[in-house]
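Me: I have a two-chain model open and would like to learn how to read it feature by feature. Could you walk me through it?

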Amino acid sequence: MKGHHGISRRTALGLLAGTAAGTALPGALSGGSPFPSALAAKNLTVGFIYVGPRDDFGYNQAHAEAAAILRKMSGVKVVEEEKVAETSDVQKTMESMISLDDATLVFPTSFGYFDPHMLKVAQKYPDIEFRHCGGMFKAGVHPANTGSYFGYIDEGQYLNGIAAGHATKSKKLGFVAAKPIPQVLRNINAFTLGARSVDPTITTQVIFTGDWSMPVKEAEATNGLVNAGVDVITCHVDSPKVVVETSERRGIYTCGYHANQAPLAPKGYLTGAEWNWITVYKDFVEKTKAGEKPGQFVRGGMKDGFIKTSAYGPAVSPESKAASEAVKAKMMAGDFPIFAGPIRTNAGKEIIAAGQSYGQTDMWLEGMDWLTEGVIGSTS
Amino acid sequence: MVDQIARLPRTASPLFPGFSLDSVRRGAEAILIPVGALLATAIVFGLFVAAAGADPLETYSLMYRGAFGTWFSWQNTLQRTAPLLLTALCVALPAKLGLVIIGGEGALVMGGLVSAAVGAALIGVPPWLLLGLMAMAGMAAGGAWIALAGALRQFRGVNETISSLLLAYIAIALMNHMVEGPLRDPASLNKPSTPPLGEANMIGSIPGLDVHWGLVFGLIACLAAYVLMQRTTFGFGARMVGGNVRAARMAGLSVTTLSMITCFLAGASAGLAGMVEVAAVHGSAKASLVAGYGYTGILIAFIARQNPLAVIPVALMFGGIAASGGLLQRRLDLPDATILVLQGIAFVMILASDTLYGRFRIFQPRG
């Protein structure tokens, strides 16, 4: 009956091991510093913060791909953190990059990081430069060490629309969207306008999933669209992976968004609207290294190299390519306003009169709250 | 049955033992078994990071630095701890009655939404009054949300675990609907949110610390919950319901009243966390309120074995893990999921260690 002994051998060993670890551990933790801080003297350390996984085939991957290119530049050190919530978490992540990693240029890439998080941290660290993706920076209102950058990716969605317009047989297109906010509505409208430039009878059925990353709802929406006779789908959610894969499985065509999703749909992928963030980041980094202040309200489209299109897939016809390339050439020349009248909303109201047009930089477009004729769906 | 009731007061307060040696033994058991489980966690997690190609010792040393190694790291940890204290209580309090509530996220979101709506509606009243009203509104909303799950259980026999979880999804959908529709600030174009409270109406930081007052609220709530459950007639009744519902009924306790009040208090804690997120961090209600604090609270409450006092160190540990997660990503190129793996291992180890209670004779009362 071993149990009669006060302490069994195993318990005693466990206790001993516990005590030993208890005394040894703090020593191991405080002794020896694996943190070389002298390195930072010459290098520029750049911090990237992503709201989702950096290999999401979407919004975050587009930034991470550019970060990977920066990493190879000499004299640049890149630190990255993914899946950072838009709460005080991101404030602490920025501060941690600054105080523990010596980052002096920080890119919080998710829209929700701007106000209040980045603005608050920027006030606390006036010597650090912050550049935010998507926010509406206003000089004089926001801290002087902040700024924002974004791209007119609706140009890519217009080109997607041309490819979709040529590929569709049912004349029914589908758009899986996260939320009815201006940036998303602008893409839905550009896509539809592009398609209807090919055939004005084409319609786009839009489904809002309600949030940026809703894989199950995105799959349901895609299947629902295919069941309703839609034969080309694109989307505006953080990761187009689910939409593109589901469409491929259902045997319909897709147009990509954010990054290149061609590997997910080798048969049905037509083309895609991709970010080309390296243009922006390289400029910011080079200016900073040269001792200049990086731009504070930076916007650009196809001709500025902020946006690119995926290579055409096998299903794209020569006529389709020719039509796309013709429009792309005009965009590169800077004289292709997407929002040129006459444009009516899908509620029948004339929103842009004939002869009137809005250039990409027009602030009116940033507050878009309507859907163009041909879109089936509503903003609320 | 009688035996069980007689044992309750003795087993239930391990952190304030009496003067007998037996109490010390039980206290030691209640502390050493979880600590042992955490050491086992550290070993298994070490193997995991080694398999992922990182040096376990460097990993731990980085985690220590990221969580507690510098003054900044401490503040980082404390900031992340604050909401977790309150959401863990949302699980720990009903657990005393044997209820497994996992929908704290919903109560947090409702608390945030309603307090933001109240704040926006009453802007102009003095900040202290505004914040007081917002806190009450947020607690009432969160409380009502969990009380709803309690009522479904009490009056309709609906499993409270399932209903509270589903109610969380409803709360999130409702919040999204309100901030994108009726309560939307027209100026919030690409990030729909309620009208901003304004800097003057926000809860500031604790003086000398870069940590908001939510930390203090959380600590007070944990202490109050402990006193309520261990030192009052109400708490005794609640624990009796958790021990044996039929015995409690026979003793004349109102199980309905105890359940409903406890569920309300639990939801009120999470609702207060939501109010603090609005009033100290975001300045308005928006989709960013859904950050998973409610779900992390479940892990914390279970690791703390549903003891409101033990919630404090466990939440601190989770705050530290979260604070150090970034450093692991940046320095070791470990994926974000690494800290989720650590949390998961800790959870399984602690649950498994539950079977060890009473197995070691050294902890058993003599005589």
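Reply: Gladly! Let's begin with pairing: two strands count as paired if DSSP finds at least two bridges between them. This is a predicted model. In chain A, four bridges join strand E6 (residues 148-151) to E12(A), and the two run parallel. One position to look at is Gly151(A), which stands opposite Gly300(A) in E12(A).

Me: In what order do the strands of that open sheet lie?

Reply: The open sheet has three strands in chain A, in the order E5-E6-E12, with parallel pairing. Strand E5 (132-133) and strand E12 (297-300) of chain A stand at the edges with a single partner strand each, so one side of each has no neighbour in the sheet.

Me: Now the interface. How many residues of chain A are in contact with chain B?

Reply: Contacts are judged between C-beta atoms placed from the backbone, with a cut-off of 7 Å. By that test, 40 residues of chain A are in contact with 34 residues of chain B. On the chain A side, helix H1 (9-30), strand E2 (76-81), helix H3 (88-101) and helix H6 (182-198) each supply at least two residues. H3(A) gives the most, with nine residues. By residue class, the side of chain A that touches chain B divides into 12 nonpolar, 16 polar and 12 charged.

Me: Turning to chain B, how many helices and strands does it have?

Reply: Chain B has 14 helices and zero strands. Its C-alpha atoms fill a box of roughly 70 × 60 × 35 Å along the principal axes.

Me: What does the radius of gyration say about how compact chain B is?

Reply: Here you set the value beside the globule rule. The radius of gyration of chain B is 21 Å, close to the 21 Å that the rule gives for 367 residues, so chain B is as compact as a globular protein of that length.

Me: Which residues have the most contacts inside the largest nonpolar core?

Reply: That core has 116 residues, and those with the most contacts inside it are Leu85(B), Ala88(B), Leu89(B), Ile146(B), Ile300(B) and Val311(B). Helix H11 (residues 255-282) of chain B contributes the largest share, 15 residues. Apart from this core lies another, of 98 residues, including Met97(A), Cys133(A), Ala164(A) and Phe175(A).

Me: And what does Ala88(B) touch?

Reply: Leaving out residues up to four places away in sequence, Ala88(B) touches Gly297(B), Ile300(B), Ala301(B), Ala304(B), Val311(B) and Ala315(B).

Definitions and conventions
Residues numbered from 1 in each chain as written. Chains lettered and ligands numbered in written order. Predicted model: local features only at pLDDT ≥ 70, side-chain atom pairs only at ≥ 80, totals over all residues. Contact = placed C-beta atoms within 7 Å. Nonpolar A, V, L, I, M, F, W, Y, C, P; charged D, E, K, R; others polar. Rg over C-alpha atoms; globule rule 2.2 N^0.38 Å. Core = buried A, V, L, I, M, F, W, Y, C linked by C-beta atoms within 7 Å. Buried ≥ 20, exposed ≤ 12 C-beta atoms within 10 Å, placed from the backbone.
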